[in-house]
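Please walk me through this model in the viewer, one selection at a time. I would like to know what to select and what is there.

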Amino acid sequence: MTGPENIRLSGGFMVLLRALGHAIRHHRLSTIGFFIILFLVATAAFAPLLAPYEPYEQDLYNVLSGPSAAHWLGTDNVGRDLLSRFLYGGRVSLLLGLVSTLLAAAIGVSLGLLAGFKGGLIDAAIMRVVDAILCFPFLVFLLAMAAALGGGLINLGVALVLFGWVFFARIVRGQVLLVRELPYVEAARAAGASSARLMWRHILPNTLAPVIVAITLGIGNAILAESAISFLGLGVQPPTASWGKELKSGFDNLELAPLYSIVPGILITLSVLACNFLGDGLRDALDPRLRGEERR
Amino acid sequence: MGRFIAIRLMHALIVLFIVIVLVFLVTRLIPGDAFLVAVAASGVEVDSAKTVKVLEEFYGLNKPFYEQFLIWLVNFVSGDWGESIGTGGDVLEMFLDRCPITLQLFFWATLWQFLIGIPAGVISALKRNSRTDMAITTGALIGFAIPPFWQAIVMIYLFAVLLPIFPPSGYVSFAEDPMGNVMSMALPSMVLGTSGAALLARYVRSSLLEVMSQDFVRTARAKGLGERAVVTLHAMKPAMIPVVTVVGLIWAGLLGGSFILEFVFALPGLGRMTVDAIYQRDFPVIQAMLIIVSLNVLFMNFIVDVLYAYLDPRVRLR
């Protein structure tokens, strides 16, 4: 294992892969998490091949029918095949979770790096905004943004990024403050490295481990948030399917078709759980102090 | 200690100011549409452009930005929270009307959290790596990942539709029917308390495990104390200190969770009021609720910080 002092960004990627491998091999829960994620991503990616029907194909003679050979999970209130809707819905939920978290990470890491490295007024300004945003519970913030920007998939994504960056900024700033004073940074500075080079080449790679963990957990949170906001009708709009939206339509028909709301809920829980499992495993694998300790 | 409190208070006030500015800016994005919606909903045939202008004047939206901000801030502090665009009611009165319902929900959810979360965490730590520990740890992970509204749906289906023990939704006031009140709160508060209970269990477990490996616990064992006495007399108290820090998190979770659960269970509390206001883009209500919610979190975090410093002197000296 390379020491953390001399990895570069490309090296950081290798470290990540190795940590992932370590987590999957040695951490039982993250093995489970990894395969659940693999399964859900595969079903979403190959939805057009796997789905028995078109997700928008209506059959008004066959409304809210229970599970049958033709429709494994039954049909919705306008006769669309539920299995197909859930498969396509997974694309929306997972992609939104992934993209918004990565964008939030990019913004948060940059601002956190800046705050930690520059200090002073820049640091104070960025961190007070972070504190202010953290005064809002996640859901309340997203609802407020839905009110201000309007509902819809894109606006929900924007709101997720506007909230999510805060966590990354906090983590990276804390890491930078730790790393900044280490002898190797001082050596690089003495060798004449510019601020930008110090930040990107020397400090950033050593702050990435907790960021990777936070991305994994963040994707889970974003999926949960998407489902909550879409459930309230302020996220993904019809006729597009997402797990949260299907859950709401299912709730409206709870007594007639319980599977309609139960299955998307299981899918959401599974994906969030899988992200959390994998995040925990990665945290242990990336933190050498925890390695070799209790393996769950 | 006084210096510590003063610094934290200053910090909280600065953050509060930024929060207020943010809320003001965000809610200023809302109007316009809200008036058009209200005018259309009223069903009265009017020149809508003209009406919107009159309404904007009435709500003070034609004044310069900083002036609007100052007027609004002064009014808000002096208890004039404006009028709802949707219902025309006084926002402060609406808030005070709905408050007791949400507080009841919080009360039961908190009780539930502590009754489940703390014992689960203690048992899990004491029986580390056993089957019971596995079950509790996994249960906590699941409790944290389940979308609360889905859990609510499953509970409604199981305990209100299949086995009709509890009412599926709706609110009964305590004065009207005490038993009915408790029954109507049971399902929503259980669901609302789940993620907090899971969080508590995880924190209590790791905190107690850390304390149990300390020297003074070994000393207590070495002098011949029974395991029960070691845990209750020596380990529990220091183990509970870091747990205090999650109370702020849990409180924020309750506030967020109640927004969606009051919607699912049709409880006419603050959360339901806010979600309705968001549908109608009723910005005076949204504005007031955002301030209240963030003030709550800020206040809770302040209390937690001070309490933590009081309980653990090392924090004060840093």
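Begin with chain B of this predicted model, which is divided into domain 1, residues 2-77, and domain 2, residues 94-317. Colour the two domains of chain B separately; their C-alpha centres lie 32 Å apart. Their contact takes 22 residues from domain 1 of chain B and 18 residues from domain 2 of chain B.

**Between the domains of chain B**

Domain 1 and domain 2 of chain B bury about 1,800 Å² between them, and carbon and sulfur atoms account for 81% of that.

Next, select B:R8 and B:D305 and show their side chains. These two residues form a salt bridge, with the closest N and O atoms 2.6 Å apart. Across the interface of domain 1 and domain 2 of chain B, the rule finds one salt bridge. The count of residue pairs in polar contact between these domains, with both residues at pLDDT 80 or more, is three.

Now select α1, α2 (33-42) and α4 (65-77) of chain B. Each of these helices supplies at least two residues of the side of domain 1 that touches domain 2. The most comes from α1(B), with 13 residues. By class, this side of domain 1 of chain B has 18 nonpolar, one polar and three charged residues.

**Between chain B and chain A**

Bring chain A into view. The contact between the chains takes 45 residues from chain B and 46 residues from chain A. The area buried between chain B and chain A is about 3,900 Å², with 80% of it from carbon and sulfur atoms.

Which side chains meet in a salt bridge here? Select B:R202 and A:D280: their side chains meet at 3.6 Å, N to O. Across the interface of chain B and chain A, the rule finds one salt bridge. Five residue pairs are in polar contact between the two chains, both residues of each pair being at pLDDT 80 or more.

To see what chain B brings to this contact, select the following helices of chain B, each of which gives two or more residues to the side that touches chain A:

- α1 (2-28)
- α6 (131-145) and α7 (148-162)
- α8 (178-212)
- α10 (227-264), α11 (270-280) and α12 (283-311)

Stop at α1(B), which gives eight residues, the largest share of the side of chain B that touches chain A. Finally, colour that side of chain B by residue class: its residues divide into 36 nonpolar, five polar and four charged.

How values were computed: Residues are numbered from 1 along each chain as its sequence is written. Chains are lettered from A and ligands numbered from 1 in the order in which they are written. This is a predicted model: local features need pLDDT of at least 70, side-chain atom pairs count only at pLDDT 80 or more; totals for chains, interfaces and linings use all residues. Side-chain values use heavy atoms; hydrogens and water are left out. Contact means heavy atoms within 4.5 Å. Buried area is the accessible area (1.4 Å probe) that two parts lose on being put together, summed over both. A salt bridge is a side-chain nitrogen of Lys or Arg within 4 Å of a carboxyl oxygen of Asp or Glu. A polar contact is a pair of N or O atoms within 3.5 Å; within protein, one must be able to donate a hydrogen and the other to accept it, and residues adjacent in sequence count only if both atoms are side-chain atoms. Helices (H or I, at least four residues) and strands (E, at least two) are DSSP runs, numbered from the N terminus. Ala, Val, Leu, Ile, Met, Phe, Trp, Tyr, Cys and Pro count as nonpolar, Asp, Glu, Lys and Arg as charged, and the others, Gly among them, as polar. Domain bounds come from an automatic or database domain assignment.
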